[in-house]
Amino acid sequence: MDCTSCNVGSLEPSFIEGQFRAHTCTSCKGNWILIEDYVSWKERNPEYQFSEQCSFQEDGTDSKKALLCPSTGTIMRKFKISSATEHRIDYSANAGGLWLDAGEWELLKKEGLAGSLNSVISQHWQNKIREQSAKDNFADIYLEKFGAENYTKIKEFRQWLDKQEQKADLRAYILAEDPYSAEK
Ligand SMILES: [Zn+2]
């Protein structure tokens with residue numbers, strides 16, 4: 001397999017810390033890990049603890065460019081691994097594979113995530129991230145639509161309304177064309 005990150009090296013079979021199967025680039029030293037390899041290793045070694053002492057140094061050079069999956073050639077998705085770092089790892093859902101730039105394995109260890117690589121890309125985790133960014137998107141849309149002042153006001157009003165015992169009646173009152181008419 002050719003390395004899709006540096007486009008120079010090739011991906012050769014390797015073992016991460018002598019534990020589980022991976023492919024490592026001969027040039028940029030990035031690692032390609034199939035989640036199924038990781039999970040089956042983990043099933044055989046449930047107690048194994050990776051040392052969290054490591055030499056990772058934040059260099060702030062996480063590549064922002066989209067990476068292609070070395071196996072299927074499709075664009076991989078970027079995942080934030082924690083809120084503490086800007087580094088993102090690339091995941092190919094098509095191949096079930098994870099791309100770690102050189103040093104990112106050390107970063108995962110430092111964040112205490114090396115023992116749960118699979119959960120980093122789990123549906124639950126993905127959903128949480130997605131929910132947050134959807135919320136942020138909606139907030140932006142409302143802000144633009146209503147303007148800052150009105151948006152603040154309507155948010156406060158909504159919170160107030162939610163706390164009222166009679167909120168259904170209050171809502172009906174607001175929504176009615178003419179609350180003082182018997183007609184709907
Ligand atoms: Zn490479």
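View 1. D37 touches F20 and R21 when residues up to four places away in sequence are not counted; a contact here means heavy atoms within 4.5 Å. The place of D37 is in helix 1, helices (H or I, at least four residues) and strands (E, at least two) being DSSP runs numbered from the N terminus. With a relative accessibility of 14%, D37 counts as buried. The term buried means under 20% relative accessible area, exposed means over 50%, and partly exposed lies in between, for a 1.4 Å probe and protein chains only. The side chains of D37 and R21 are joined by a polar contact of 3.4 Å. Such a polar contact is a pair of N or O atoms within 3.5 Å; within protein, one atom must be able to donate a hydrogen and the other to accept it, and residues adjacent in sequence count only if both atoms are side-chain atoms. The model is predicted: local features need pLDDT of at least 70 and side-chain atom pairs count only at pLDDT 80 or more, whereas totals for chains, interfaces and linings use all residues. Residues are numbered from 1 along each chain as its sequence is written, and side-chain values use heavy atoms, with hydrogens and water left out.

**View 2. The zinc site.** The zinc ion has as its protein donors the SG atoms of C3, C6, C25 and C28, at 2.2 to 2.3 Å. Donors are N, O and S atoms within 2.8 Å of the metal (3.2 Å for Na, K and Ca); water is not among the atoms, so sites may look incomplete. Along the chain, the donors of the zinc ion follow the spacing C-x2-C-x18-C-x2-C. The arrangement is tetrahedral because the four donor atoms subtend angles of 105 to 117° around the zinc ion; four donors count as tetrahedral if all angles lie between 85 and 135 degrees. C25 is buried, at 1% relative accessibility, whereas C28 is partly exposed, at 25%.

View 3. S5 is found in the segment before strand 1 (11–16). Its relative accessible area of 12% makes S5 buried.

**View 4. The largest nonpolar core.** This core has 22 residues, and those with the most contacts inside it are F20, I33, L98, W105 and L117. A nonpolar core is a set of buried Ala, Val, Leu, Ile, Met, Phe, Trp, Tyr and Cys residues joined through side-chain atoms within 4.5 Å. At least two residues of this core come from each of strand 2 (20–25), helix 1 (35–44), strand 5 (88–92), strand 6 (97–100), helix 2 (104–110) and helix 3 (117–120). Another core, of eight residues, lies apart from it and includes C3, L67, C69 and M76. With residues up to four places away in sequence left out, W105 touches I16, E17, F20, F50, L100, A114 and L117.

View 5. E17 lies in the loop between strand 1 and strand 2, and is partly exposed, with a relative accessible area of 38%. Although E17 is not a glycine, its phi is positive, at about 50°. K29, in the loop between strand 2 and strand 3 (31–34), is a residue other than glycine with a positive phi near 65°. I81 is placed in the loop between strand 4 (77–80) and strand 5, and counts as buried at 5% relative accessibility. I81 and L108 are 27 residues apart along the chain, and their C-alpha atoms are separated by 7.7 Å.

**View 6. D178 after helix 6.** D178 lies in the segment that follows helix 6 (167–175). A relative accessible area of 39% makes D178 partly exposed. The D178 side chain reaches the backbone nitrogen of Y180 at 2.8 Å.

**View 7. The protein chain as context for the close-ups.** The secondary structure comprises six helices and six strands, in the sequence pattern β-β-β-α-β-β-β-α-α-α-α-α. The chain has 184 residues, of which 30% count as buried. Of the contacts with a separation of 6 or more, 47% are between residues 24 or more positions apart.

Key. Tetrahedral: all angles 85-135°; square planar, octahedral: opposite > 155°, others 65-115°.
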